[in-house]
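This briefing describes a protein model for readers who wish to relate its sequence to its fold. Please consult the sequence and coordinates shown here alongside the text.

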Amino acid sequence: MALANTFKALSDPTRREILNLLRARPLSAGEIGAHFSMTGATVSHHLAILKDAGLVFDRHEGKYIFYELNLSVFEEVLNWFQTFLDQKGDSHEEAEKK
């Protein structure tokens, strides 16, 4: 997992909103774009960054491309964060023993 790409993708509020939209169901680029006042090229740019980060994947159906969440990357990020919480708990318990 390339955390730098993941965090870069998550740093933009538009991309976070796209991810929120995809929580409900897979959407085409046009359906995603309908939620924003930006050009189709700009929506495609945001989708490309999300796809490069592995946060979404696309599926071709006829002439449409549908985007959906790749939950495995979210799980990897959560597991990475969890290691800090686990270590903090361990450090805290060790400090209390002293």
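The points below cover the overall fold, confidence, the sheet, the core and selected residues.

The model is predicted, and the protein has five helices and three strands. From the N terminus, the elements follow the order α-α-β-α-α-β-β-α. The largest nonpolar core contains 18 residues, while an open sheet of three strands is arranged in the order E1-E3-E2.

**Overall composition and surface**

- Of the 98 residues in the protein, 32% are buried.
- The protein exposes about 6600 Å², of which carbon and sulfur atoms supply 55%.
- Among contacts with a separation of 6 or more, 52% are made by residues 24 or more positions apart.

**Confidence**

- The mean pLDDT of the protein is 89, and 88% of its residues reach 70 or more.
- Helix H5, spanning residues 71-97, has the lowest confidence in the protein, with a mean of 77.
- Helix H2 has the highest confidence, at 97.

**The sheet**

- Pairing in the three-stranded open sheet is antiparallel.
- Strand E1 (27-28) and strand E2 (56-61) stand at the edges and have a single partner strand each, so one side of each is left without a neighbour in the sheet.
- E1 and E3 run antiparallel and are joined by two bridges; on this side of E3, Ser-28 stands opposite Phe-66.
- E2 and E3 also run antiparallel, and six bridges join them; Glu-61 has Tyr-64 in E3 as its bridge partner.
- Two residues lie between the strands in the hairpin of E2 and E3, where Gly-62 takes a positive phi near 65°.
- Helix H2 lies across E1, E2 and E3, and runs at about 95° to E3.

**The nonpolar core**

- The residues with the most contacts inside the largest core are Ile-18, Leu-22, Ile-32, Leu-50, Leu-55 and Val-56.
- At least two residues of this core come from each of helix H2 (13-24), helix H4 (40-52) and strand E3 (64-69).
- Beyond its neighbours within four places in sequence, Val-56 is in contact with Leu-19, Leu-22, Leu-47, Leu-50, Lys-51, Tyr-67, Glu-68, Leu-69 and Asn-70.

- Leu-47 is found in helix H4, and it counts as buried because its relative accessible area is 1%, against a cut-off of under 20%.
- Leu-47 and Ile-32 are 15 residues apart along the chain, and their C-alpha atoms are separated by 9.5 Å.
- His-46 also has its place in helix H4, and at 8% relative accessibility this histidine counts as buried.
- When its neighbours within four places in sequence are left aside, His-46 is in contact with Asp-12, Thr-14, Arg-15, Ile-18 and Met-38.

Definitions and conventions. Residues numbered from 1 in each chain as written. Predicted model: local features only at pLDDT ≥ 70, side-chain atom pairs only at ≥ 80, totals over all residues. Heavy atoms only, no water. Core = buried A, V, L, I, M, F, W, Y, C linked by side-chain atoms within 4.5 Å. Buried < 20%, exposed > 50% of the residue type's maximum accessible area, 1.4 Å probe, protein only. Helix = DSSP H or I, 4+ residues; strand = E, 2+ residues; numbered from the N terminus. Contact = heavy atoms within 4.5 Å. Areas by Shrake-Rupley, 256 points an atom, 1.4 Å probe, with all protein chains shown as cover. Pairing = 2+ DSSP bridges. Axes fitted to C-alpha atoms, helices over the stretch in contact; angles between N-to-C directions. pLDDT = per-residue confidence, 0-100.
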